[in-house]
Amino acid sequence: MDLNYTPEQEAFRQEVRQFLKDKLPADIQERVQKRLRPNKDMIQRWQKILYQQGWGASTWPEEFGGPGWTEVEQLIFEEECALAGAPRQLDFGLRMVAPVIMKFGNQEQKDRHLPGIISGDVWWSQGYSEPGSGSDLASLRTTAERDGDHYIVNGQKTWTTLGQHGDWIFCLVRTNKEVKSQEGISFLLIDMKSPGIDVKPIIMLDDEHEVNDVFFDNVRVPVENRIGEEDKGWTYAKYLLGHERTGLANVGQWKAMMRRLKEIAREEQDDGRPIIENARFRDRLAQLDAELRALEITVLRVLTASNGPGPEASILKIRGTEIGQRMFELAMEATGQDAIAHIPDALEPDYDGPLVGSMNAVPGAGDYFNMRKLSIFGGSNEIQRNIISKLVLGL
């Protein structure tokens, strides 16, 4: 296997770099490079810039408005965006519901929803997890009862990331209680402006409003908003999860964070010496760097498989999330005791108050605690190991 990029791929990389140099807004770049979370306006503004370039959805085929890039070109694009300080594009629309609509939706659904996803005009949320139905997703209890040409939806979804901004939400709902749990689920697209939807914030350990509870109280959803057949939603959900888990490897984001981590490690500590001179820290950093490179190669193997992402995506989810968690742990350690002080206001671009230590310490503790979620969402890593043992190893 030749692990080097071809001259054509390197030329593509230079094209992407030049585009980022010319078009990435400085205020967005600065915020991302300082590990401060971009706001809604920044994410949508960047999506529109990419869309105008014809690069709004790196993984989409040309048939639906994508650039039709190869898997390697997609990886190069995402890596260069991360290294340049571009915000991560919203996966919920581009990588999750869009592939489901492309494969299983009818033409009217494709025409109605795909343009708003790729342009950034419509913000999508994910309605999968429920209280008591996390890793055992098939035990969900949100119901959708047929009433003529509508479904009446009742129930609750939780951990809905950035749901406070959502225009639409794709949901798994129970439409049949008389069959096995996986066989009685349907896949609905729901307008979040519909009467009866209530979004309530969940404030996390890092004081951020990132996730939400979403309540459905007799919400009327047109039957035409159902993807595919009634009671066959589990098939579509598994297809979506394959794409989600492949994306959770986050190679581009972790390579950008690794570069930043090395910069932090070279800064002088209180004793006047950078922590990179500590042999034990340096060894842990080098090992993590090598594991990240191995993950990148594994991602390429999975993405270039002829049958697309399958159960092997669980391997990427496990390794990618574990590497990410260890990376932010090292970043916190690299700033020492300064990372203990958590100042949420300092994460805002207009903050001019006092800091404890350098700016690198500001997101340290918050990022560390926030990244605990990585091994849980998208299907916990324990569940992913079960999938690998059954479907890959045949145990």
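The largest cavity has a volume of about 120 Å³. The structure holds two cavities of 30 Å³ or more. This is a predicted model: local features need pLDDT of at least 70, side-chain atom pairs count only at pLDDT 80 or more, and totals for chains, interfaces and linings use all residues. Residues are numbered from 1 along each chain as its sequence is written, and side-chain values use heavy atoms, with hydrogens and water left out.

**The largest cavity**

- A cavity is a set of points, on a 1 Å grid over the protein atoms alone, where a 1.4 Å probe fits but cannot get out; lining residues have an atom within 4 Å of a point.
- Grid points are joined across faces, edges and corners, and a volume is the space filled by probe spheres set on the points.
- The lining of the largest cavity includes Ile 43, Gln 44, Gln 47, Gln 89, Ile 117, Gly 120 and Trp 124.
- Helices α3 and α5 each supply at least two lining residues.
- The most comes from α3, with three residues.
- Helices (H or I, at least four residues) and strands (E, at least two) are DSSP runs, numbered from the N terminus.

**Helix α3**

- Helix α3 has 14 residues and reaches 20 Å from its first C-alpha to its last, close to the 20 Å expected at 1.5 Å a residue.
- That expected span is 1.5 Å times one less than the number of residues.
- Asn 39 caps the N-terminal end of α3, with a side-chain oxygen 3.2 Å from the backbone nitrogen of Asp 41.
- Met 42, Ile 43, Gln 44, Trp 46, Gln 47, Ile 49 and Leu 50 are buried in α3, where buried means under 20% relative accessible area (1.4 Å probe, protein chains only).
- These buried residues pack against α1 (7–23), α2 (26–33), α4 (71–84), α5 and α6.
- Gly 54 follows α3 and has a positive phi, near 90°.

- Gln 89 sits in the loop between α4 and α5.
- Gln 89 counts as buried because its relative accessible area is 17%.
- Its side chain makes a polar contact with the side chain of Gln 47 (2.8 Å).
- A polar contact is a pair of N or O atoms within 3.5 Å; within protein, one must be able to donate a hydrogen and the other to accept it, and residues adjacent in sequence count only if both atoms are side-chain atoms.
- Beyond neighbours within four places in sequence, Gln 89 is in contact (heavy atoms within 4.5 Å) with Gln 47, Leu 50, Gly 56, Phe 77 and Leu 94.

**Helix α6**

- Helix α6 (residues 107–119) has 13 residues and reaches 19 Å from first C-alpha to last, close to the 18 Å expected at 1.5 Å a residue.
- A side-chain oxygen of Asn 106 reaches to within 3.2 Å of the backbone nitrogen of Glu 108 at the start of α6.
- Among the buried residues of α6 are His 113, Leu 114 and Ile 117.
- The packing partners of the buried α6 residues include α3 (40–53), α5 (91–104) and β1 (124–127).

- Ile 197 lies in strand β6 (residues 197–203), and counts as buried at 16% relative accessibility.
- Glu 208 lies in the loop between β6 and β7 (209–222), and counts as buried at 19% relative accessibility.
- Glu 208 touches Arg 37, Ile 202, Ile 203 and Leu 347, not counting residues up to four places away in sequence.

Technical notes
Buried means under 20% relative accessible area, exposed over 50%, partly exposed in between (1.4 Å probe, protein chains only). On a 1 Å grid over the protein atoms alone, a cavity is a set of points where a 1.4 Å probe fits but cannot get out, and a pocket is an open set with protein on both sides within 12 Å along at least five of seven lines; lining residues have an atom within 4 Å of a point.
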